[in-house]
Amino acid sequence: MPAQNTTSSYGSVTKGFHWLSALLLISAFLLGLIANDLAHEIQSPGFDGSDATLSRAVLLFSIHKTIGVAAFFTGLGRILWALSQPKPGLLHPENKPEALAAEVVHWLLYGAMVATPLTGWIHHAASTGFAPIWWPFGQELPFVTKSDATAALFGTLHWVSTQTLMVTFGLHVAGALKHAVVDRDATLRRMLPKSGDLPTPPAQKHSPVPAGLALVVWAAVLTGGVMMAQDTQDNNQSATATGNAATRPAGNWAVQEGSLGLTVQQMGSGVSGSFATWQADITFDDPDAPGPAGQVAVEIDIASLTLGSVTDQAMGADYFDSATYPKARFEAQLEKLETGYQAVGELTIRDKTQPLTLPFTLQINGDTAQMQGQAVVNRLDFDIGAGTQDEGTLGFEVVLDVSLTAQKTK
């Protein structure tokens, strides 16, 4: 069997690309379906934190992603090889509409073979944590930064590309079966390892028309995907647009703006989030010498937490259990040190209260103060994720970051 295409049959390289692409894409698709079901289970509020479920999801997603990368390079190689080869002639050249439709579907399928794994790969590179690709070249991509917005966009485009791949793959298979069962011609046999005797029709030329039509369809598909992602982002922003911080009238300082965030290690990578709604009651008078400086009480709306793709999971019974414990609270005495300041008090999350010291820096300019602080807590001290005891899966330490600007009111 020759390596190159002929006017009657496809060569061994083309056949190898064809069947390898089919194997990789079908495998990645099936693994993705199973892994996605596990992801929905893990992200649901009722997830019990089972290490076995998490490990199985990581394994399946890693295999899915690794096969996807292999499918991307295989698809790219297949396209480049196809463009360099003669095309076996049409067995029914008189049926021009069918020939055009088959070519357009073929180019749509080529596009899906590249776009589907590539969008998934970009989504992976823009996300943090969870299920690495098994290869020695790292998890990053040039020009792709860690970004929730980028990850969401390409997650949607990956879904749209997958649907396009399913449709075009189905049309491709249907066309092959039509040739084999209805027309009873040699179209399908030309792609089999042992083709046998085949007719020798005139060779085809690579026409730009089918590729151009496929490009127009792909432009519409990707535009629709971008619009879907934008609508989802706008809806999410509307649902959580409650301001960075709410203030209480008590105390002698009012928070003007600020952020309250956390970072936890998941699968060895940092996953960061923030609470959209919290209240701070601050009484503070800066002493001339180290010593007591006031007190603070902070109340946090747990349900306002955004933590990437695991936000829903974080609200579940094994984690924050926001339905039962909707608020967290930090009450502390403020102290001035020789260098810097600290808040010494107690943090209550769920039904657990633990001591917490928060060192912070403070810059006061007239009646405006800017504060930044960071502390580390152990999630197990608050029974958060108690079912996940493997630190490699979900780190024990959680880094809390506080930043705010306050205005003196009294």
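Trainee: Which helix gives the most to the lining of the second largest pocket?

Mentor: Helix 3 does, with 11 residues, where a helix is a DSSP run of H or I of at least four residues and a strand a run of E of at least two, both numbered from the N terminus. The model is predicted, and local features in it need pLDDT of at least 70 and side-chain atom pairs pLDDT 80 or more, whereas totals for chains, interfaces and linings use all residues. Numbering runs from 1 along each chain as its sequence is written, and side-chain values use heavy atoms, with hydrogens and water left out.

Trainee: What makes this space a pocket, and how much space lies in it?

Mentor: On a 1 Å grid over the protein atoms alone, a pocket is an open set of points with protein on both sides within 12 Å along at least five of seven lines, and a lining residue has an atom within 4 Å of a point. The second largest pocket holds about 1200 Å³, taken as the space filled by probe spheres set on points joined across faces, edges and corners. Its lining counts 46 residues, of which Y10, A102, H106, H172 and T187 are the closest to its centre. Helix 1, helix 2 (51–84), helix 3 (96–126) and helix 4 are the elements that each give two or more residues to this lining.

Trainee: How is the lining of that pocket divided by class?

Mentor: There are 25 nonpolar, 15 polar and 6 charged residues, with Ala, Val, Leu, Ile, Met, Phe, Trp, Tyr, Cys and Pro as nonpolar, Asp, Glu, Lys and Arg as charged, and the others, Gly among them, as polar.

Trainee: Why is helix 1 called oblique to helix 4?

Mentor: The axes of helix 1 (residues 12–43) and helix 4 (residues 148–183) come within 12 Å and cross at roughly 135 degrees, the axes being lines fitted to C-alpha atoms over the stretch in contact and the angle running from 0 to 180 degrees between N-to-C directions. Under 35 degrees would be roughly parallel, 65 to 115 roughly perpendicular and over 145 roughly antiparallel, with the rest oblique, so helix 1 is oblique to helix 4. H18, L25, I26 and F29 of helix 1 meet T162, L165, M166, F169 and H172 of helix 4, where contact means heavy atoms within 4.5 Å.

Trainee: What makes helix 3 and helix 4 antiparallel?

Mentor: They pack at about 150 degrees, with their axes 7 Å apart, and helix 3 and helix 4 are therefore roughly antiparallel. Their contact has 14 nonpolar, 13 polar and 3 charged residues.

Trainee: How do the axes of helix 1 and helix 2 cross?

Mentor: These axes come within 8 Å and cross at roughly 155 degrees, so helix 1 and helix 2 are also roughly antiparallel to each other. The contact of helix 1 with helix 2 divides into 21 nonpolar, 10 polar and 3 charged residues.

Trainee: What makes a space a cavity, and how many of 30 Å³ or more does a search find?

Mentor: In a cavity a 1.4 Å probe fits but cannot get out, and the search of the whole structure finds 1 of that size. About 860 Å³ lies in the largest cavity, and of its 48 lining residues the closest to its centre are L260, F275, I300, L400 and V402. Strand 11 (residues 394–408) gives the most to this lining, with 6 residues, and the lining divides into 42 nonpolar, 5 polar and 1 charged.
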